[in-house]
Amino acid sequence: MTTAVAEAKRLLANIFPRHKWSDVPVVACELRVHPDRGAGLQLEATDFGYLVEGLDGDAHQDPSVCPGWTIVAIAGVMLLGYTEDDLEEVCLSHFSDGAPLLLCPIESLREALMDHKLVRVSLDGGSEFSAQLRQDLEADLKTFAARCHVDAALVPSTVMKDRAGAGAGAGEGLEGGDAVAAGERGAIFLLGIGPKIAASQPELRRLVAHYRGLSDSSERTSIQVGGMVMRSLPARNRRKRTVAEAEEEDREQIPHQDNDNRNHNGGGTTANEGIDTKAAAADVDILAAADAAAVSAAKRLKVEDAEMNQYEYMDHTADVILHSWGTSLRQAIGQVCVCFFSYMTDLAKIDATTSFEVEAKGHDILDMLYHLLDEFLFHFGTQFIMCRHVEVLDFDEATFTIKARGFGERFDLAKHPQGTEIKAITMHQMKILTPTTLTTEEGVTARTSDLMEGGTVREGFPYECYVLVDI
């Protein structure tokens, strides 16, 4: 029983991370259902499960089943976040004598919810989740939650294995490693204020649709860098990946560009050990996709722009802050993108043999910058191309839309030094500075000489970007 209670508290803490659960009573017992008189319970459906409002005079329930307490799990199935109809269906399917129950005081649950909204989105019904896909989803949820300013948790469907089911003693089969059934998908729980929850729904639907269509057998490419393995995932519908395929005559021109125009010192990259023939073929396709526009854009890059190196890395607890500066906001944004790649390898070793475009849009300037860097991160995670240069092609400050082109080549451990992998972009502590303004998650304020309000303008470079990344 104690294992079931501890697991329930852990899951509640994941769903309601701002509430202290260590002192909240959660009890485990068995449901008693008489063949003639039934359970004798008066129940009310809530967001947390069934609230016990009263008991019939001849009910012989465990003393823990009393008014004011809520059944949050039955036979191992968590009941939080269900609609009233779904809650009834789930409970009826497990409502039998001896079914294990977990209960918690309704006041503690309401205190945890406060004035927030709780939303449950089921992931069950698709093919099984592997440990790797679950890990990938949890990483994406962390990014999603930071961007949308909500709490998001991936919670298994069961607190205890269903084999403990009806008639089993409460707590049977509840060893710690069995808390999450192998292959089950569970549900995503969102917690936040109403407007933030509503605004997050379109992106959440795309994320859920993406993972519902995946299984461990989904074809993925991997590359091993030292002891670090990076895996690609199928492209998400919301993202534009690479430039359009060039016409055949344009493709044929690429190999004949001289070494100076291509800024290439090698004559080709070396295939990484452990990459299969499909991945190698995909590499050839990527390099062949550079079209005449890409070549023309590469020629437009000035040496002083390509090698500005107007960025630095700033220490942060367990993470790192990318800091860039420029004579214009467009330049500072381009430089923070270069800084992103520079942290993962020595860009002096990267040759601009191919290029690709990414586009991003946000509801404000910070959200736009987040999406832009997230596009570059996703492209690296799927195509493994490191960018030495990033050129901002279009930037509309009124609509918060941006288009950029990255120039580089596929990462090759035999040629490129291994830096530190960047796992995710975050919105936390993101800042954009102009000569007169400071933009943070709290809004736009006047820039002053106070370090907390932007600090003194850097001489010659009045525009700056600060981005915290997860490493």
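These legends walk through close-up views of a predicted model. Local features need pLDDT of at least 70 and side-chain atom pairs count only at pLDDT 80 or more, while totals for chains, interfaces and linings use all residues. Residues are numbered from 1 along each chain as its sequence is written, and side-chain values use heavy atoms, with hydrogens and water left out.

**View 1. Helix α5 and its kink at Q201.** Helices here are DSSP runs of H or I with at least four residues, strands are E runs with at least two, and both are numbered from the N terminus. Helix α5 covers residues 194-212, 19 residues in total, and spans 25 Å from first to last C-alpha. That is close to the 27 Å expected at 1.5 Å a residue, where the expected span is 1.5 Å times one less than the number of residues. At Q201, shortly before the proline P202, α5 has a kink of about 45°; the bend is the angle between axes fitted to the seven residues ending there and the seven starting there.

**View 2. What α5 packs against.** The buried residues of α5 are I197, S200, E203, L204, L207, V208, H210 and Y211. Buried means under 20% relative accessible area, exposed means over 50%, and partly exposed is in between (1.4 Å probe, protein chains only). These buried residues pack against β7 (117-122), α4 (131-148), β9 (187-192) and α12.

View 3. β8 and β9 share 5 bridges, and V155 has A187 in β9 as its bridge partner.

**View 4. L377 in helix α12.** L377 sits in α12 (residues 365-383) and is buried, at 12% relative accessible area. Beyond its neighbours within four places in sequence, L377 touches F340, I422, K423, A424 and I425, with contact meaning heavy atoms within 4.5 Å. F340 is 37 residues away in sequence, yet the two C-alpha atoms are 8.6 Å apart.

**View 5. The R37 and D58 salt bridge.** A salt bridge is a side-chain nitrogen of Lys or Arg within 4 Å of a carboxyl oxygen of Asp or Glu, and the count comes to 11. In this one, the closest N and O atoms are 3.6 Å apart. R37 is in the loop between β1 (27-30) and β2 (41-46), and D58 is in the loop between β3 (49-55) and β4 (69-74), 21 residues apart. R37 is partly exposed at 40%, as is D58 at 36%.

View 6. D351 is in the loop between α11 (329-342) and β14 (354-361) and K415 in the loop between β16 (401-410) and β17 (424-425), so the pair ties together parts 64 residues apart in sequence. D351 is buried at 3%, whereas K415 is partly exposed at 26%. D351, E409 and K415 form a salt-bridge network.

Key. Pairing = 2+ DSSP bridges.
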